[in-house]
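Dear colleague,

Here is the structure that I promised to hand over, with the notes I made while going through it. Please read them with the sequence and the coordinates open beside you.

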Amino acid sequence: MSLRRVLIANRGEIAVRIACACREAGIESVAVYSDADAGALHVTAADRAVHIGAANAYLSVEALLAAAQSSGADALHPGYGFLSERAALARACAAAGIVFVGPPADAIERMGSKIGARALMSLAGVPVVPGGTPANQSDDGILAAASTLGFPVLVKASAGGGGKGMRVARRAEEVLELAASARREAQAAFGDGTLYVERLIQRPRHVEIQVVADAHGGVVHLFERECSLQRRHQKIVEESPSVALTPETRAQMGDAAVAAARAVGYVNAGTIEFLLEGHGGDARFYFLEMNTRLQVEHPITEAVTGVDLVRAQLAIAGGEPLPWTQASLSQRGHAIECRVYAEDPASGFLPQAGPLLVYREPSGPGIRVDSGVREGDRVGVEFDPLLAKLVVSAENRAAATARAIQALRAYPVLGIRTNIPFLLWLLEHPVFAAGDLHTGVVDELLAGFVAAADRAVPDEALAAAALSEPGPSPSSRADSRSRDPWDALARWGRE
Amino acid sequence: MGTRVTRLTLVHDGEEYVVEIVDAATVRVNGRDYAVHRDREGAVRVGDRPAWIARDRDTRWVFLDGRTYELTDARPGSRRRAAGHHGTLTSPMPATVRRVAVAVGDRVKAGDTLIVLEAMKMELPVRAAQAGTVSSISCREGELVQPGVPLIELDD
């Protein structure tokens, strides 16, 4: 039952990526677009396109399902973000007889509940951060639990699940001091003073394992991606392999990820995120959560394993068995992904809007750019500010780093501020070269970036600036917006 | 040969730079002549370094070696007004004012957070680009602000 026509329920670079995979697999693709996206790259990348309404239509199960039905699609690919991890979409597809290119709805649901997923993983033998709700809730009981776990520990409200009432205790005597106030805060916030005690993982790395499962019981993993370079849980730079893993740890994490996928009856591509404590022979890993969809950073896995994950997703959704065995998969070389965001690193990473007056992607051996925009496009602020992903691969980490740096230096984006200067600064930082990463490292380094910002303009930049006047050529691009055919249509009363 | 040298005064981050266009292939900066060459659209070479340029209304955008510069032309006699304008901070997009972290009369350093905006579920700190004194605040916590509308003003 191979797929015939896939509705891509997404926009931007991932919609373009999926359309390419469909074309290569001989499957028709249908894009969806909001009012503002009528002229967007992803619309032209697909074989046909359906208008779904205003910007929030990308979040409407009804609108997407209606688009799938009106276009005669027999499958729907959710991409990432938007509704990709909403069980309701998977369920609505199943009810309408449309193949959801992703996991079954109940697998999404089971992994969507943090507490439920943790319990399920524990049962499946996947390590979780040690902790629990002590039966003895007296100060002595909390202290005993903390001592068993080992310091430092987090003491927080058992109800809720957020950070309410959360305290860090570094020594036994601190537990006694903190327990009372944590209990009061938990009582005030949830009407329940029950406390939860958990080991605090200090300076953890974010290391995730790609898994792919078919509908016939086959499950494999495609090794790790290290995503420790993040800001406010937004990943910035990812790489594979991770310098922190020994072959033994890698194999253990792979096995754990496969066990996790099996435990929820997973089908299609997914990612098990782990916190990694320590590195090398001392590294320990703990289940964080599962992303029940394709990841933004999937290309680095493709680069080091040589597989096409979206093609595999389509094949699996079409009922085919996995095209690989675990033994046939291996990692080769090193890949780094840099996320190019329309954000101004000099002003707190404010998302930027404006015209892409110049947008030229770098090219060369080992350079791939997955992009959702092209020169002349106008970037708005109603969606995620991700413009493109620069993915480089080379034979080792140092070579891949050098390649990424040179590619960023040859990636002019003008008309809108981007994080390219910040990406360069990060890749050139000794901390990155040393691979000494943890999830808080970007925040630690950020102050240095702001301080190091060189205000002086090099002579060459000034000389170049002089050329943009008088001169008809580059300056005329400023008008590219008003020459956009879609704008012209709008003036003629297009709906 | 008697060619007229065109003098430009460009402003970047409050600093003025004088650039002289000597002829179609030469630009003088800081007393040094740079051979310039227009490549395909938007691409130029300065000496042997590639750069990209674009013009958006008053802004001259330059990309050189991974860094981007935004320069404007200094207008004769407009220096004082330009300086005053520089101290006005606006929101780049529709946003909600989460927090006003300063009061009128406060001295602030470059990098100090003045206002925290929220848009697209993200907190966006508005920071002082340079040291100064808060001379006026024209937004309130909880207010929805539109792009380009002044939020806060700094005097040197």
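I begin where the two chains meet: 45 residues of chain B are in contact with 39 residues of chain A, two residues being in contact if their C-beta atoms, placed from the backbone, lie within 7 Å. On the side of chain B that touches chain A, strand 6 (residues 49-56) of chain B gives the most, with seven residues; helices (H or I, at least four residues) and strands (E, at least two) are DSSP runs, numbered from the N terminus. The residues on that side of chain B divide into 26 nonpolar, seven polar and 12 charged, where Ala, Val, Leu, Ile, Met, Phe, Trp, Tyr, Cys and Pro count as nonpolar, Asp, Glu, Lys and Arg as charged, and the others, Gly among them, as polar.

Please keep in mind that this is a predicted model, in which local features need pLDDT of at least 70 and side-chain atom pairs count only at pLDDT 80 or more, while totals for chains, interfaces and linings use all residues. Residues are numbered from 1 along each chain as its sequence is written, and chains are lettered from A and ligands numbered from 1 in the order in which they are written.

In chain A, the secondary structure comes to 18 helices and 23 strands. The radius of gyration of chain A, taken over C-alpha atoms, is 24 Å, close to the 23 Å that the globule rule (2.2 Å times the number of residues to the power 0.38) gives for 495 residues, so chain A is as compact as a globular protein of that length. Buried residues make up 50% of the 495 residues in chain A. Among contacts with a separation of 6 or more, residues 24 or more positions apart account for 65% in chain A and for 39% in chain B.

One helix pair in chain A deserves a look: helix 7 (residues 139-149) and helix 8 (residues 172-190) pack at an angle of about 140°, with their axes 9 Å apart. The two helices are therefore oblique to each other, since angles under 35 degrees count as roughly parallel, over 145 as roughly antiparallel, 65 to 115 as roughly perpendicular and the rest as oblique; axes are lines fitted to C-alpha atoms, for helices over the stretch in contact, and angles run from 0 to 180 degrees between N-to-C directions. The contact is made by Asp139(A), Ile142(A), Leu143(A), Ala146(A) and Ser147(A) of helix 7 and by Ala172(A), Val175(A), Leu176(A) and Ala179(A) of helix 8, and these residues divide into seven nonpolar, one polar and one charged.

Some backbone details remain. A cis peptide bond, with omega about -5°, joins Phe151(A) and Pro152(A), and Pro152(A) is found in the loop between helix 7 and strand 7 (153-157) of chain A. The peptide bond from Ser240(A) to Pro241(A) is also cis, with omega near -5°. Asn268(A), in strand 13 (residues 268-277) of chain A, has a positive phi near 85° and is buried, with 25 other C-beta atoms within 10 Å.

With best wishes

Notes. A residue is buried if 20 or more other C-beta atoms lie within 10 Å of its own, exposed if 12 or fewer, and partly exposed in between; C-beta atoms are placed from the backbone.
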